[in-house]
Amino acid sequence: MPIKQLLVRETDSLDAALAQLDRNGFGLAFAVDPEGRLVGRLCAADIEACLARGGSLSLSVRAAMTPDAGALPLPESATAPRPPAGGQVVPLVDAERRPVDIATAGRPRRIPVAEPVLGGNELKYVTECITTNWISSQGTYVRRFEEMLGAMLGAGHVVSASNGTAALHLALLGYGIGAGDEVIVPDLTFAATINTVIHAGATPVIVDVDRRSWNIDPALVAAAITPRTRAIMPVHLYGQPADMDPLMALAEKHGLVVIEDAAEAIGARYKGRPCGTIGHAGTFSFFSNKVITTGEGGAVVLRDAEAAARARRMRDHGMDPAKRYWHNEVGYNYRLTNLQAAIGCAQLEQAAGFLTRKRAIAARYRKGLAGASGLAMAAQLDGFDNSYWMVSVIVDAERTGLPRDEIMQRLGEAGIDTRPLFYPLHDMPPYKPFAGNRAFPATVELSAQGFSLPSGVGLGDDEIDYICATLQRIVGARHLARRTKGA
Ligand SMILES: Cc1ncc(COP(=O)(O)O)c(C=O)c1O
């Protein structure tokens with residue numbers, strides 16, 4: 001962002017300065033004298049304090065600013081000054097003390113929404129694959145990865161796969177779900193959930209989600225069950241568990257299979273049980289933005305040994321395991337490679353630490369965003385132990401005075417990446433036919449209002465503080481601008 005957008009003249013009116021704070025996405029400005037030299041710092045709280053003292057917006061910036069704001073010299077060499085801590089934004093000044101740029105704790109880099117952390121045995125294990133020539137899906141790491149994942153989940157038969165989409169497809173194939181069957185899926189999810197139902201030749205039936213959990217609404221599932229229904233596919237979105245008890249009760253009553261799409265929810269727990277192990281099958285994704293990654297990769301855990309054996313066969317072209325190159329059915333190549341599994345083993349060694357960090361990141365966001373009117377994180381529901389793959393917020397634009405997209409844009413200008421919640425499936429051309437005449441008000445609302453903040457395990461506390469402070473400033477400046485409009 002050009003530094004000009006962060007500057008106000010000390011002689012400007014507070015009214016003009018407030019408009020600048022509201023526009024620049026930082027909710028903050030630096031005051032300069034007629035020669036352009038730094039003389040102070042101004043944020044919404046300073047203006048609030050001035051108004052509380054009986055001042056008005058027609059007063060000059062000088063009346064409200066914090067004088068002699070701290071500054072850092074412009075770094076000219078590799079011995080740059082350390083960036084400031086926490087959510088601070090500090091001007092970088094030239095020899096004449098003219099602001100030329102800013103430094104923030106979060107701006108040594110652009111803060112990504114997610115990134116892999118590969119600081120354990122990943123390189124060692126992958127090197128071993130290469131030096132021993134075991135780089136395909138043959139090799140000991142694949143089996144080891146499946147065993148480690150099984151031990152972590154404590155239930156079921158684990159079948160690794162080339163990605164989370166393949167894992168979902170294998171779950172459907174494992175339980176023989178296909179042509180003529182209906183599978184109920186939530187409207188708010190990544191497209192892979194519904195795509196795999198279509199790949200299997202079955203018919204997806206889209207239903208709305210529950211506003212509190214953001215996940216499939218069991219009451220709407222009950223209403224969508226027909227004599228053709230074979231399965232329910234709840235998704236544990238962004239790490240928040242779906243409400244599994246009523247879904248399992250419905251499955252029991254109607255003889256249905258429950259396939260949990262836990263692509264985003266490794267480590268999440270529902271009433272003490274790991275997500276992915278409550279239904280008849282559960283699937284995981286190990287794409288590079290997930291909590292545990294293999295670059296690309298996935299796994300399905302199946303309750304039933306026969307279904308697991310079928311999934312294993314279908315992963316390998318449907319080949320008869322007892323008779324090499326003999327095929328009784330048409331399968332796929334959905335195998336994970338030894339190289340990917342090697343990375344996965346190293347990642348699973350760190351899983352407990354990663355998950356602890358994820359929850360700490362969410363807790364720090366919750367604290368840092370407390371009081372930010374109009375921004376709400378996912379609800380903390382009793383017995384729903386969110387693994388916080390993504391920390392997401394819902395924007396109440398009535399209260400923030402800023403629509404979701406504008407907040408995301410301003411965060412982007414401050415070096416903070418975000419991503420919107422998924423689009424409603426029922427709105428997209430290939431999936432419209434599967435919406436029936438059902439309504440999807442919760443998904444429509446959440447999808448339009450929600451976005452995810454940087455949530456990677458590698459995120460520093462300083463960065464979270466910077467993100468919270470930036471968000472607080474963005475909405476704080478807008479609140480004050482709205483409240484004082486015309487004052
Ligand atoms: C809910 C959900 N299901 C399935 C998948 C598919 O996983 P993959 O990308 O590994 O194929 C994803 C991927 O992000 C997902 O978010």
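Mentor: The ligand is surrounded by 15 residues, the closest being T165, D261, E264, S285 and K290; a residue is near if one of its heavy atoms lies within 4 Å. This is a predicted model, in which local features need pLDDT of at least 70 and side-chain atom pairs count only at pLDDT 80 or more, while totals for chains, interfaces and linings use all residues. Residues are numbered from 1 along each chain as its sequence is written, and side-chain values use heavy atoms, with hydrogens and water left out.

By class, the shell holds five nonpolar, seven polar and three charged residues (Ala, Val, Leu, Ile, Met, Phe, Trp, Tyr, Cys and Pro count as nonpolar, Asp, Glu, Lys and Arg as charged, and the others, Gly among them, as polar).

A side-chain N or O atom of T165 is 2.5 Å from an oxygen atom of the ligand. For S285, a polar side-chain atom lies 2.7 Å from a ligand oxygen atom. In the side chain of D261, an N or O atom is 2.7 Å from a nitrogen atom of the ligand. Taken alone, the ligand exposes 390 Å², and the protein buries 91% of that (areas by the Shrake-Rupley method with a 1.4 Å probe).

Two elements give two or more residues to the shell: helix 5 (164-174) and helix 6 (192-199). Helix 5 gives the most, with three residues. Helices here are DSSP runs (H or I, at least four residues), numbered from the N terminus.

Key: A polar contact is a pair of N or O atoms within 3.5 Å; within protein, one must be able to donate a hydrogen and the other to accept it, and residues adjacent in sequence count only if both atoms are side-chain atoms.
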